[in-house]
Amino acid sequence: MTATSPSADARTVLPPGPHFALPSRIRYLRDPIALFAEARRRYGDPFTVTTTMPTVFTADPVGVKQIFTASTEHFRPLQMEAQKRVLGRSFTGHSGPEHRRQRAVMAPGLRADALQRLAAQMVDATLQRIRGWRPGAELDLVDEGMAIALEIIIRALF
């Protein structure tokens, strides 16, 4: 989960992270997962990485909850063209009232009771994908995880 700094001056109060933006940008373009994994190991959770702007990353449930419940005025939208192509005009591309509206639409589906109702579908989608794996075959676990997540989303929506 990410949150962007409202201004460059706020960098001094953001969690620690790599000090130089250019190497982070290059690593982000080459292998963002490795960049984030290394930053988390080195700086802890949460950490800040600057690619186009200082961005705070966390996988901690408490941090994620703070992001989803904080005032939307604290966030600047992610406006990178590459992210727009992947995410579309999602709530990460907005701030203020539009971000608040889209977050409210998503929030019910992210509550524990809603996720518990999907648990059986999540397990089934995961088991279905795992059945296709073969001993000794190489797998890209990011691709596998995304395929499982997409299947769960499709099942939940349709």
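**A tour of surface contacts**

Select Ile33, which is exposed at a relative accessible area of 53%; here exposed means over 50%, buried under 20% and partly exposed in between (1.4 Å probe, protein chains only). The model is predicted, so local features need pLDDT of at least 70 and side-chain atom pairs pLDDT 80 or more, while totals for chains, interfaces and linings use all residues. Residues are numbered from 1 along each chain as its sequence is written, and side-chain values use heavy atoms, without hydrogens and water.

Ile33 belongs to helix H2 (residues 32-43); helices are DSSP runs (H or I, at least four residues), numbered from the N terminus.

Turn next to the salt bridges, of which the structure holds four. Each is a side-chain nitrogen of Lys or Arg within 4 Å of a carboxyl oxygen of Asp or Glu. Select Arg40 and Asp45, whose closest N and O atoms are 3.5 Å apart. Arg40 is partly exposed at 44% relative accessible area, and Asp45 is partly exposed at 29%.

Proceed to Asp113 and Arg117, a salt bridge of 3.8 Å, N to O. These two residues stand four apart in helix H6 (residues 112-130), a separation of about one helical turn.

Finally, select Glu144 and Arg129, bridged at 2.7 Å between the closest N and O atoms. Glu144 lies in helix H7 (residues 141-157) and Arg129 in helix H6, so the pair ties together parts 15 residues apart in sequence. Glu144 is buried, at 10% relative accessible area, whereas Arg129 is partly exposed, at 34%.
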